[in-house]
Amino acid sequence: NSIEGTVCIVDELKKVFEIAITSAYPDLDDPPVVITLSGNNPKFGDYQCNSAMPISQLLKAKNVKTNPREVANNILNKMPLTPLIERIEVAGAGFLNIYLNKAFAEHVLKCILQFGVKPPPVKKEKVIVDFSSPNIAKEMHVGHLRSTIIGDSICRVLEFLNHDVLRLNHLGDWGTQFGMLIAHLQEKFPDYKTHSPPISDLQAFYKESKKRFDEDEEFKKRAYSCVVQLQSGQPDFIAAWKLICEVSRKEFQKIYDRLNINIIDRGESFYQSRMDAVVKELKEKGFLEEDEGRLIMWGNSESHEGIPLTVVKSDGGYTYDTSDLTAIKQRVEEEKGDRFIYVTDAGQYTHFMTIDACARRAGIFKNGQKIEHVGFGVVLGEDKKKFKTRSGDTVKLIELLDEGLKRALDKLVEKGRDKVLTPDELKKAQEAVAYGCIKYADLSHNRINDYVFSFDKMLDDKGNTAVYLLYALTRIRSIARTAQISESKLLEEAKTSGFKLAHESEWKLGKVLLRFPEIILKVANDLYLHSLCEYLYEISSTFTEFYDKCYCVEKDKNGQIVNIFYERLMLCEVTAKIMEKCLDILGIKTVSKM
Ligand code: ARG
């Protein structure tokens, strides 16, 4: 049964312990069921239940004379039979040390070998992930790169769990800056309607128009009138606006293509037609207050804590806040979303918490929905200062990716790989390493911290890096290749002689692999990808330990294969499958040779 390969051990343990605890202490309501991983010392078992201490406290408060050890023993006596557990020991001050059942583990791993790495079953949700979201005509900077990488990986983990994920690019594609851009376009390329203007560098174009705007009163006036015409939907002006958006969007697409990112454009402009109605409703319900000519909305009507949203500017225009308020309403009511995730730099945390509070006040959230802000820190250079080029300019993303490619190739050549791989294999490896290392460096750090961008560190083949993991994976893959054993042959062996974790280090690796569903569910819940990276690293180091101690294929001194340990090759195969799935969720392409 394919579903048996997806069991989440920790959740299953929670279930059986809950049964034992409630039957030992039926009078306690909601007793704590605390199950944790035991850590590295095998004498504490594989998992631990630490409920005895808090339960004995609860009982003491009810004047029951007891101690944690006694509570632990009472729980133990009420344990239902379960295939998961081999034995349980009461230790120390009332810890319950849980030892997993090997036969059960072998069965689960065999299912994975047979059916592939499948997601643990969860209730399907519609999840809206707002990520990347650069601004038209401005540059896409390293902050947007982080949002793109983190957001894509969040989508991937949720998609793996079979949720219905809507990947939205909330482009900054509306606003008064379009007035000067259109005015400049009309001036510079008068026939823009018939001949697509050759704007190659939109940022330079933006700078030029800004300069005109700041220096020339006439131009400024025209820019303002352009905004008005655009907002009233004049076809020529809409056409000009579209043109500018397209030029910009094409540039962004180059980055998305390189990084293999799927995303749907739905920028601020999408919500324009809905804003009047939203503002009207908020006004009527009395949520808006006047403040120096503008209309604001507080998240909390009494305390006036934090910063209010500016819903209508003093000139009557709408803002970033108005578009986000309208967007959340659209996402709740039209998209029927269950989860609303926003991936931006940590600096926008307050903004989104205010949107969240206002949406609740305004009755947009009806069933306990909420905004989940996935914040991240700033990207720093190796000097721990804001990330800049050597000459002090901001880094262009395409140039950054190009440098990644160059450095990745250098690394592969340094290791002599250009002599072993075909040109095509070398190119694939180069891209996998370059983009993989940039993504992994970002994802493997706790996102909330600032992070230092260093090609030297991310291309190191020792330590927790993409290069190390990609090498580890190809090495595992090559084990089966040397033995010349196909996957179907392995499956056949698994069916006839079964999956066996005989050696201590096989058992250890098996138990690490069994934690995959637990890690996935955790990441899908808290949206911290670095735990998946830590897990991946743990798999690969535990694998190394296993491979050092256990022969998979035994050869004689002439290099002839004399013995093949099928069970170990099966373990290699499951390890590779799970590692591949983890890398896939991180958006990292794997290669069979590098
Ligand atoms: N364009 C914004 C920026 O560059 C990010 C938009 C994030 N999404 C949103 N719904 N506000 O900072």
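Colleague: Which residues are around the ligand?
Modeller: This is a predicted model. In it, the residues around the ligand are Asp130, Ser133, Asn135, His144, His170, Tyr320, Asp324, Tyr342, Thr344, Gln348 and Phe352.

Colleague: How do the shell residues divide into nonpolar, polar and charged?
Modeller: Six are polar, three nonpolar and two charged.

Colleague: Which helix and which strand each supply at least two residues of that shell?
Modeller: Helix H11, residues 320-333, and strand E11, residues 339-345.

Colleague: What lies 2.7 Å from a nitrogen atom of the ligand?
Modeller: A polar side-chain atom of Tyr320 does. Asp324 also has a side-chain N or O atom 2.7 Å from a ligand nitrogen.

Colleague: And which side chain has a polar atom 3.0 Å from an oxygen atom of the ligand?
Modeller: That is Gln348.

Colleague: How much of the ligand's accessible area does the protein cover?
Modeller: The ligand has 350 Å² on its own, and the protein covers 90% of that.

Colleague: New topic. Where does Ala183 lie?
Modeller: In helix H6, which spans residues 177-188.

Colleague: Buried or exposed?
Modeller: Ala183 counts as buried, because its relative accessibility is 0%.

Colleague: What does Ala183 touch, leaving out residues up to four places away in sequence?
Modeller: Phe219, Arg222, Ala223 and Cys226. Lys221 is 38 residues from Ala183 in sequence, with 9.6 Å between their C-alpha atoms.

Colleague: Last one, domains. What does the assignment give?
Modeller: Domain 1 is 2-100, domain 2 is 131-142 + 158-173 + 175-262, and domain 3 is 397-585. The C-alpha centres of domain 1 and domain 2 are 59 Å apart.

Methods:
Residues numbered from 1 in each chain as written. Predicted model: local features only at pLDDT ≥ 70, side-chain atom pairs only at ≥ 80, totals over all residues. Heavy atoms only, no water. Domains from an automatic or database assignment. Near = heavy atom within 4 Å. Polar contact = N/O pair within 3.5 Å; in protein donor to acceptor, adjacent residues only side chain to side chain. Areas by Shrake-Rupley, 256 points an atom, 1.4 Å probe, with all protein chains shown as cover. Helix = DSSP H or I, 4+ residues; strand = E, 2+ residues; numbered from the N terminus. Nonpolar A, V, L, I, M, F, W, Y, C, P; charged D, E, K, R; others polar. Buried < 20%, exposed > 50% of the residue type's maximum accessible area, 1.4 Å probe, protein only. Contact = heavy atoms within 4.5 Å.
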